[in-house]
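Subject: The structure I promised you

Hi there,

Have a look first, and then read my notes below.

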Amino acid sequence: MFSRVERHLLAAGVVIYMTRMVGLFMLLPVLAIYAQGLPGASALTLGLALGAYGLTQGFMQIPMGWLSDRFGRRPIILAGLGLFLFGSLVAVFADTMFGLILGRALQGLGAISSTLLALVGDSTREENRSRIMAVIGISIGVSFGIAMVVGPMLGAAGGLPAIFWTIVVLCIFSLIIGWRWLPESRREATSQARLHWVDVLKNPNLWRLDLSVLLLHTMQMSMWVAVPILLVDEFNLPVARHWMVYLVAVFGSFILMAPFMQWMERRGHHRGKILAGILAVLAAQLLLKQSTILPFFVMALFVFFWGFNLLEASLPSYTSKVVEDSRRGFAMGTFSTCQFGGAFLGGLMGGWIAHHGDLHSIFAVAAVLALLWLPAAWGLKAPRSVRSLILPASEAESINVDKLLAIPGVISVQLFNEQCEMLLRLDTEKLDQAALEKRIGRPI
């Protein structure tokens, strides 16, 4: 059962992620087609237009995460959405490739992913965090599916300006929802000293997960230099009908992925989920390279999206568990930096390969990256055992926070005044349960 804070966070997080990601994903299947008519267009500048967003996102994720550690999550999220809105307006009126690349880069300055993921880690209990992260991750997959259907339709109706105007409207809606629903802890206390950022980066699980999300998005973005063009040039499928391919591949894969993810989650096979996703992505790249008829190409996309959605739901949840609360914004910043850095590298890699060789070579390079990824992911270790406890305001108001933190095993205490709840983070191996129950006046 979700607490009031968790319900507010889940609703706001899903809406913000979906509205923002639908707008971004709508560009993927059409940007390489409609931007070809702009002055300055080439295979390389098309790749830059796809990847510029990822470059500035990657640059800003750590600073935004660090700022959220100091000044709070919600103000930074709202500021980031404002920057994203400004960049979208610049892109609306772009009439050259330079203007389009500039708008995409300005969009990326609104880097809120690390802060939003850190807020989820801060505000949710351990037993619910994976589910909430999974729902948010799945919402990204659903957004992808909606965008793959709607993007080609909007592009056919009004070109890139129609898509960017849609992004503007969705961003305004996200700002309203974030202002109204996002929770913010008004006070945080911890029994542990703040880790230095170097100590955070030394965590072997963290760098393995950072590498994982970098490679995933490098492969994903590089594909979108090739896939839309191949559908038109090799399979003679008009752009207005591309949505049918993405409807089958994205939503079909999601339907089959969700039961598998739940089955693995119930058995605690967290690393197994990630390895299964990598194998699916690897198989998809090999199939995409060899496909010569449309049904096999669609099947290969189906396999890719199955693995992609599984990894998008699993990697952020795993990452939020391997760092201390006081540095979660910074750690999620490194994760998101690698995610969007991968998007930039993928766009650049896809554009460079397309400029110098065959589009099918993009899939071959992606397959090599997946093979290199497997041994790094194999070394992932289970994070320490932590549980959380929610106290309603009626209980929390009479409890001294400093005395709570003096109890062995109490890691941190957060107060959510708007939702009238207190969240305690507990180390199950070190917890003095009797002392905690005595302090709060009831069994836990």
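A residue is called exposed when its relative accessible area is over 50%, buried when that value is under 20%, and partly exposed in between. Please also keep in mind that this is a predicted model.

Most residues other than glycine have a negative phi.

Helix H10 also holds Ile255. With a relative accessibility of 57%, Ile255 counts as exposed. From Ile255 to Ala370 there are 115 residues in sequence, and their C-alpha atoms are 24 Å apart in space.

Now for the inside. Which residues have the most contacts within the largest nonpolar core? They are Phe144, Met148, Val227, Ile274 and Leu301, in a core of 110 residues. Helix H9 (residues 204-233) gives the largest share of this core, with 15 residues. There is also a second, separate core of 16 residues, and Leu389, Leu405, Val413 and Leu426 are among them. Going back to Ile274, you can pick out what it touches beyond residues up to four places away in sequence: Leu209, Leu311, Ser314, Leu315, Tyr318, Ala377 and Leu380.

You will find Gly40 in the loop between helix H2 (31-34) and helix H3 (43-71). Is Gly40 buried or exposed? At 54% relative accessibility, Gly40 counts as exposed. Thr96 is 56 residues away from Gly40 in sequence, yet the two C-alpha atoms are 6.6 Å apart in space. Leaving aside neighbours within four places in sequence, Gly40 is in contact with Thr45 and Met97.

At 1.5 Å a residue, the 13 residues of H5 should span 18 Å; the end C-alpha atoms are 19 Å apart, so the two values agree. Several residues of H5 are buried, including Met97, Leu100, Arg104 and Ala105.

Thr56 belongs to helix H3, and with 15% relative accessibility it counts as buried. Apart from neighbours within four places in sequence, Thr56 is in contact with Arg104, Ala105, Gly108 and Leu109.

- Ser139 is part of helix H7 (residues 126-181). Its relative accessible area is 4%, so Ser139 is buried. Beyond neighbours within four places in sequence, Ser139 is in contact with Val14, Tyr17 and Met18. Val22 is 117 residues from Ser139 along the chain, and their C-alpha atoms are separated by 9.8 Å.
- Thr337 is part of helix H13 (residues 328-356). At 19% relative accessibility, Thr337 counts as buried, because the cut-off is under 20%. Setting aside neighbours within four places in sequence, Thr337 is in contact with Gly58, Gln61 and Ile62.

Met299 lies in helix H12 (residues 294-320) and counts as partly exposed, at 39% relative accessibility.

Last stop: Ile444, in the segment after helix H17 (433-440). Its relative accessible area is 26%, so Ile444 is partly exposed. Leaving out neighbours within four places in sequence, Ile444 is in contact with Arg387, Leu389, Leu431, Gln433, Leu436 and Glu437. Leu389 also belongs to the second core.

Happy exploring!

Methods: Residues numbered from 1 in each chain as written. Predicted model: local features only at pLDDT ≥ 70, side-chain atom pairs only at ≥ 80, totals over all residues. Heavy atoms only, no water. Helix = DSSP H or I, 4+ residues; strand = E, 2+ residues; numbered from the N terminus. Buried < 20%, exposed > 50% of the residue type's maximum accessible area, 1.4 Å probe, protein only. Contact = heavy atoms within 4.5 Å. Core = buried A, V, L, I, M, F, W, Y, C linked by side-chain atoms within 4.5 Å. Expected span 1.5 Å × (residues − 1).
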